[in-house]
Amino acid sequence: MLSIVIRGGTVFDGTGKPGCNVDLGIEGERIAAIGDLSRTEAELDVDGSGLAVSPGFIDLHTHSDFTLAADGRAESQVHQGVTTEVIGQCGYSCAPVRRPSDVALMAPGYTDGMIDVDWSTFGQYLDHLERIQLGVNVAAFVGHGTIHRAVLGDALRSADDDELQEMKVLLEESIDGGAYGFSSGLEYWPGSLATPDQLAELASVAAKKDVLYATHVRNRDVFYDIGFGEAISTARAGGARLQISHIQPKHGAPEYAMEHAIKMVESAKSHGVDVAYDVIPHNWSHTKVLAILPQWAQEGGVDVVTARLKDVTQRDRIKRNPKPMWRLVSDGLWERIVLMQSEANRHMVGMNFSEIGERRGQDPYDAALDMLIEEGENMTHLMWTSQSFSESDIQLALSQPDCAVISDTLALSPEGCLKHHIGSLSGYGWAARFLQHYVRDQKVLSLSEGIRRLTSLPAERLGVSDRGVLKIGAKADITVFDAGLITSHCDVVEPRRFATGIAHVLVNGVPSMLNGERTPNDAGQVLRSC
């Protein structure tokens, strides 16, 4: 007798092969049998009739470092078939830290009072996660920005030689403590302070430990080719495997930027550089409002930044910034920028900044800067989103075999301590939207290939061999869904609606969803690189 048998479904093994009408048997945490199991008894029979049976979806790029520590259920992810998250992206991670207050500055979604920060090293942070009931498996990257802060604090400069050595030691210690990779966010402070030669040295540590280096590149608009070129160069010089995060160019880039970026990647691969990339499956881009400030204006902590924003002369200088992170701002396209998360102005969430400026009777730029002041200690968590990406660029990237699909969001829940949080407009529906829009409706990819992009491809990039595929002996992370009905229901007005079309989800052989309903089970595990 087996623990569970999923009967009557079309099994897609995750490799891109067409589906087969076979049964799937699970014993404990692992897949034990695949084939005709009609005569095999099970403690639990799961009906897969008319449904796709897939490996559990792997989200290769999330920012759930803090939210999983606060509420490990990951409801927004489980409800759309996600069984594994890869956190610690864009240079931000919850560890290593010198003091608990650093977590507040380096962890997206941080809210004071939710958890007791009882760690300093990366291994201790993973120990903390292991004491929590998790709805998904978690693999964690260590962020360059967090390591930089641990060594240099708020200093507005790159590391000197001795400090770089300290950073390399912290990176190696973090990987030895279980970090599955190293990430950088070069468009953000303090990642923007790093030089290419320093990044190459840090990437060499990742290479030595055989973990992935993922980067949010320095620029994706006017100077997109410099940004992507730097990423490839630092990985080549450091000998690291490279993942270019959310590769789609932003507003301000030339129309051919995505095509050129892909050619740059292919050229590097032809010369032996191990490089791949991923996309967010919609045209909305999200970030901190604080990121729009020039580097000099972000230094010094909340009180110092607030004083700058209140000073008329310094505010005018901030607004004259010729190179904001979003060119939409310098182009004055405020109607394409929407408030996504705010504690002080929740009633305006979902409004664009043209509307917000009109409502407040002020210029939209001043409205954004005033709202930063109004957030107080929560300033770093004021979030907005914009229509920055091109649909044709996303489709072009997806047509390439090495392109994975990511959420770039937070694991959340519409109730409990995270009920007011939002990470992006795809937080509750990214995987569903990919399968709905790009696979079913637009037919950019076949269903079997679309499943590969969510399963075995990210597992291979991560270096995990027993997840992301349905084979005997693999961990039983399984998602069963209706390919004809799977749908995302997120929009700017109601971003917290669960996806539909997911029937069953198993994490390590334990049902977290059955017949479209969430179970009380949270069987996720912390995955460590060593």
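Which residues form a negative surface patch?

**View 1. The negative surface patch of the predicted model.** Asp160, Asp161, Asp162, Glu166 and Asp197 form this patch. Helix 6, covering residues 161–176, contributes the most to the patch, with three residues. Asp161 is placed in helix 6 and is exposed, its relative accessible area being 63%.

**View 2. The salt bridge between Lys208 and Glu172.** The closest N and O atoms of this pair are 3.1 Å apart. Because Lys208 belongs to helix 7 (residues 196–208) and Glu172 to helix 6, the pair ties together parts that are 36 residues apart in sequence. Lys208 is exposed, with a relative accessible area of 56%, whereas Glu172 is partly exposed at 24% relative accessibility.

**View 3. Helix 15 (residues 364–375).** Eleven of the twelve residues of helix 15 are buried, so the helix is largely enclosed by the rest of the structure. Among the buried residues are Tyr365, Leu369, Met371 and Ile373. At 1.5 Å a residue, helix 15 should span 16 Å, and the distance of 17 Å between its end C-alpha atoms agrees.

**View 4. The salt bridge between Lys319 and Asp366.** The N to O distance in this pair is 3.0 Å. Lys319 in helix 12 (residues 312–319) and Asp366 in helix 15 are 47 residues apart, and the pair links distant parts of the chain. Lys319 is partly exposed, with a relative accessible area of 26%; Asp366 is buried, with 17%.

**View 5. The salt bridge between Arg518 and Asp522.** The side chains of these residues meet at 2.7 Å, N to O, and both Arg518 and Asp522 are buried. Salt bridges with shared partners join Asp71, Arg73, Glu75, Glu415, Arg518 and Asp522 into one network.

Notes: Residues are numbered from 1 along each chain as its sequence is written. This is a predicted model: local features need pLDDT of at least 70, side-chain atom pairs count only at pLDDT 80 or more; totals for chains, interfaces and linings use all residues. Side-chain values use heavy atoms; hydrogens and water are left out. Patches are made of residues with over 30% relative accessible area and no salt bridge: like charges are joined within 9 Å, nonpolar side chains (Val, Leu, Ile, Met, Phe, Trp, Tyr) within 5 Å. Accessible areas come from the Shrake-Rupley method with a 1.4 Å probe; for residues, only the protein chains shown count as cover. A salt bridge is a side-chain nitrogen of Lys or Arg within 4 Å of a carboxyl oxygen of Asp or Glu. Lys and Arg count as positive and Asp and Glu as negative; His and the chain ends are not counted. The place of a charge is taken as NZ of Lys, CZ of Arg, CG of Asp or CD of Glu. Helices (H or I, at least four residues) and strands (E, at least two) are DSSP runs, numbered from the N terminus. Buried means under 20% relative accessible area, exposed over 50%, partly exposed in between (1.4 Å probe, protein chains only). The expected span of a helix is 1.5 Å times one less than its number of residues.
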